Amino acid sequence: MLYQEIDGIRFKMGRLFDFSFLKKYGKVFRVYDDQDSGNICFGIENAEGRLFVKFAGAQTAEYGGDVSEAVQRLKATVPVYQSISHRALIRYRASEEIAHGFAMIFDWADGECMGRMYEESHKIIMNLPIEEKLHIYAEVTDFMIEVAKTGYVAVDFYDGSILYDLPTKKVTVCDIDFFRKSPTVNDMGRMWGSSRFMSPEEYERGAAIDEITNVFTMGRMGFSIFTDSDFSLGRWPLSEAAFHVLEKAASPKRCDRYTSIAELKAEWLAALNNEKGLYQMIWQIQKRPGMYLDSNTLTPLYHFIDGYRAAERDLGVCWHGSLFPLDFYFMHNFVNFRLQTECLCAGWRNNILTFCHGDEEKALNLFFELYQEFMCLRMKRYWKAVLTKENIAWNDKMKRCRTETTHGPEPFYKNPVAVYILELTLPVYMRIVETAKEVRFESSFFRSVEEAKGDGHIPRGAEAYFGKIDTWEEYEADNLYFDKDIYTH
């Protein structure tokens, strides 16, 4: 092993190499020299900002193979980065042959790497609060659902492929070099990857490598995030039901796993939120509508869901923890927005039937398509205002809003703490209010952040309840978590 230096950064190599060509991109401020793929990566800064440059063509310390093969493999990754689009994927800019090798240029992404090869960063990730770990896993899961939709299969996908930026809560997938177009088979024997994330078929030449293979990967990814790959129930920090979901996903037997990552996600969410059993039930109905509904039509499903939700209300079932996926209550507004039908107050069933010109079977299929989109709905960012004494006094004096009870009028919110405005991945906004004991959603969507913050009448913005709010803090995130009951009104 040898060491060399560039721009004051010392790094290890298998053989000395002239990296002077990097000056065309800017000044090196970081080097990643621990990959065993034959690539070496650089963080580079110039007047326009920061770049991430991945290069093959030099003999790195951790790679014992032929350098020319590493070059060809890196070239082959260009179509992969061009084909897969997701908010979590590092942004590809360009690539070129240079210095008798090949370089790919990306936008720089801040963050700590989850991989064990970076001990300090790995330790930081492992010590994160459980809410942030849930956020990381949710984002990676949604990325993998998009990979499957695009017709690709993840190969060599492991914790070292993921960055997490603590200040912004941004998850970045930084390495998809070995992803393959589906269908594909194991043509290597032991394939590329970390053994902690590899399914049995990734060791068996000729075996199918597909989405079920990636279900295994995501099961192991969950254990990596929540327990640092400890598979014992005793070390598991969430519900036992959630443990068994990942255990099933990572089963050595393909036939025992979930058939898709979307199914894994549905089961995972149901396990995390026992009160959201309706999500799991709808997933089961989609697979066998005739068994549950005695038909393949929408109206029986509507009555089933209506009865299910009435039973939940009677039993006092509460929603708490994660804001997303949204409660089914918001399906009506979502359908209104997506279909833009004229019967805005008629309910989700009538809106779908109107869109399908009364065709019940077509309407049922459309419902399941819309519901899958609804389940994937997240927020892009949010604004938070901690309420001042003046804001709380405005609410308590009921200047604009109140609720009528048998004891007379009362403030709409009791002991309010903060108000949040959420910008969804749809171009709509939502408002929630956190009190000392609960979180309350405004049931309607807002058309703009100004409307959600303001004092409009229908739907009412934040200032209708709390008067003038001067200070809003803006954050980027795709979920929020509260250890309180969550209600709609």
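Visitor: Let's start with histidine 122: is that residue buried or exposed?
Guide: First, a heads-up: this is a predicted model, in which local features need pLDDT of at least 70, side-chain atom pairs count only at pLDDT 80 or more, and totals for chains, interfaces and linings use all residues. Residues are numbered from 1 along each chain as its sequence is written, and side-chain values use heavy atoms, leaving out hydrogens and water. Buried means under 20% relative accessible area, exposed over 50% and partly exposed in between, using a 1.4 Å probe and protein chains only. The relative accessible area of histidine 122 is 8%, so this residue is buried.

Visitor: With which side chain does the side chain of histidine 122 make a polar contact?
Guide: Look in helix H3 (residues 119-126), where histidine 122 is found; helices are DSSP runs of H or I with at least four residues, strands are E runs of at least two, and both are numbered from the N terminus. A polar contact is a pair of N or O atoms within 3.5 Å; within protein, one must be able to donate a hydrogen and the other to accept it, and residues adjacent in sequence count only if both atoms are side-chain atoms. At 3.0 Å, the partner side chain is that of aspartate 228.

Visitor: Why do the buried residues of helix H6 end up on the same side?
Guide: Those residues are Ala242, Phe243, Val245, Leu246 and Ala249. The arc is that of the directions from the helix axis to the C-beta atoms. They sit on the same side of H6 because the arc they cover is only 155°.

Visitor: Which helices do the buried residues of H6 pack against?
Guide: Contact means heavy atoms within 4.5 Å. By that test, the buried residues of H6 pack against H4 (130-150), H5 (211-227) and H7 (261-272).

Visitor: What residue caps the N-terminal end of H13?
Guide: H13 covers residues 360-376 and reaches 25 Å from its first C-alpha to its last, close to the 24 Å expected at 1.5 Å a residue; the expected span is 1.5 Å times one less than the number of residues. At the N-terminal end, a side-chain oxygen lies 3.2 Å from the backbone nitrogen of glutamate 361, and that oxygen belongs to aspartate 359.

Visitor: And what about histidine 357, is that one buried or exposed?
Guide: Histidine 357 sits in the loop between H12 and H13. Its phi is near 55°, a positive value in a residue other than glycine. With a relative accessible area of 75%, histidine 357 is exposed.

Visitor: How far apart in space are asparagine 479 and arginine 378?
Guide: Asparagine 479 is in the loop between strand E22 (473-476) and strand E23 (481-488). Along the sequence, asparagine 479 and arginine 378 are 101 residues apart. From C-alpha to C-alpha, though, the gap is 6.6 Å.

Visitor: Where is the cis peptide bond that involves proline 183?
Guide: Proline 183 is in the loop between strand E12 (180-181) and strand E13 (184-185). Omega is near 0° for the bond that runs from serine 182 to proline 183.

Visitor: Zooming out, what is the radius of gyration of the protein?
Guide: The secondary structure comes to 16 helices and 23 strands. The globule rule, 2.2 Å times the number of residues to the power 0.38, goes with a radius of gyration taken over C-alpha atoms. For 489 residues that rule gives 23 Å, and the protein is as compact as a globular protein of that length because its own value is close to that, at 25 Å.
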